Amino acid sequence: MADDKGYCLWFTGLSGSGKTTITNLLVKELLSRGSKLEVLDGDVVRENLSKGLGFSKEDRDTNIRRIAFVANLLSRNDVPVITAAISPYREIRDEARQMMDPHFVEVYVKASVEACEERDVKGLYAKARSGEIKEFTGVSDPYEEPENAEIVVDTEQQSPEQSAQQIVAYLEQQGFIAAS
Ligand SMILES: Nc1ncnc2c1ncn2[C@@H]1O[C@H](COP(=O)(O)OP(=O)(O)OP(=O)(O)O)[C@@H](O)[C@H]1O
Ligand SMILES: [Mg+2]
């Protein structure tokens, strides 16, 4: 078992930007190195820990605070964690940062609304445009871009593999994981 330090890779980005896709690649890579790793994916959290919450600002904040609470419990006990939720509001992300500093690594999974809408993996943008879904981030609800994320992965320019590699390189460089 690798002697990992706890850290939290806090992904933020629009729906369809690539958070889950990149997370899955990282899980494969890091587990194959013998790392411990836990994942709090937005969709899974909303089915469990945050079941019943909606998409008002208040409910979104509650959802993200719950994710931060659990991520903090894990990372402070040296269990690395990836959170992969949209987390649209800067203020709540900064709360998470303060809670977990210096184990907190904000990863901006960057793709424009246009690119995400073109991908429309889950068909949600179409529903947001037609008004079937209200309060959809990037369409009818705000997304506040990070201003000083530790890592920015540009998923319009990079492949998912390149983004995952960039993140692994950062973790190695910071000493969160051993160099392979
Ligand atoms: N460079 C890239 N990095 C990540 N995903 C990419 C990239 N290029 C294309 N894609 C595609 O974009 C889609 C991203 O979907 P994904 O479910 O990972 O987004 P998400 O950020 O988790 O969205 P949500 O917030 O709705 O869960 C996938 O279909 C993926 O194949
Ligand atoms: Mg996802």
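Student: Which helix gives the largest share of the shell around ligand 1?
Tutor: In this predicted model, helix α1 (residues 19-32) contributes the largest share of that shell, with three residues.

Student: Which residues come nearest to ligand 1?
Tutor: Ligand 1 has 17 residues around it, and those that come nearest are Ser-15, Lys-19, Thr-21, Lys-122 and Gln-158.

Student: What does the side chain of Lys-19 do there, in terms of distance to an oxygen atom of ligand 1?
Tutor: A polar atom of the Lys-19 side chain is 2.7 Å from an oxygen atom of ligand 1. Backbone atoms take part as well: a polar backbone atom of Ser-17 lies 3.4 Å from an oxygen atom of the ligand, and a backbone N or O atom of Thr-155 is 3.2 Å from a nitrogen atom of ligand 1.

Student: How much of the accessible area of ligand 1 does the protein cover?
Tutor: On its own, ligand 1 has 640 Å² of accessible area, and the protein covers 79% of this.

Student: Turning to the strands, which ones does β1 pair with?
Tutor: Strand β1 (residues 8-12) runs parallel to β3, joined by four bridges. With strand β4 (residues 104-110), β1 also pairs in the parallel sense, over five bridges.

Student: What are the bridge partners of Trp-10?
Tutor: In β3 the partner of Trp-10 is Thr-83, and in β4 the partner is Glu-106.

Student: Is β1 enclosed or open?
Tutor: Strand β1 is largely enclosed by the rest of the structure, because five of its five residues are buried. Cys-8, Trp-10 and Thr-12 point one way, while Leu-9 and Phe-11 point the other way.

Student: What about the faces of β3, covered or uncovered?
Tutor: Both faces of β3 (residues 81-84) are covered. Val-81 and Thr-83 lie on one side, Ile-82 and Ala-84 on the other, and all are buried.

Student: Which residue of β3 stands opposite Val-39?
Tutor: Val-39 is opposite Ile-82. Strand β2 (residues 38-41) runs parallel to β3, with four bridges joining the two.

Student: Where is Pro-80, then?
Tutor: Pro-80 is in the loop between α3 (57-76) and β3.

Student: Is Pro-80 buried or exposed?
Tutor: Pro-80 has a relative accessible area of 0%, so it is buried.

Student: How far is Pro-80 from Glu-117?
Tutor: Their C-alpha atoms are 31 Å apart in space, and Pro-80 and Glu-117 are 37 residues apart in sequence.

Technical notes. Residues are numbered from 1 along each chain as its sequence is written. Chains are lettered from A and ligands numbered from 1 in the order in which they are written. This is a predicted model: local features need pLDDT of at least 70, side-chain atom pairs count only at pLDDT 80 or more; totals for chains, interfaces and linings use all residues. Side-chain values use heavy atoms; hydrogens and water are left out. Buried means under 20% relative accessible area, exposed over 50%, partly exposed in between (1.4 Å probe, protein chains only). Two strands pair if DSSP finds at least two bridges between them. A residue is near a molecule or strand if one of its heavy atoms lies within 4 Å of it. A polar contact is a pair of N or O atoms within 3.5 Å; within protein, one must be able to donate a hydrogen and the other to accept it, and residues adjacent in sequence count only if both atoms are side-chain atoms. Accessible areas come from the Shrake-Rupley method with a 1.4 Å probe; for residues, only the protein chains shown count as cover.
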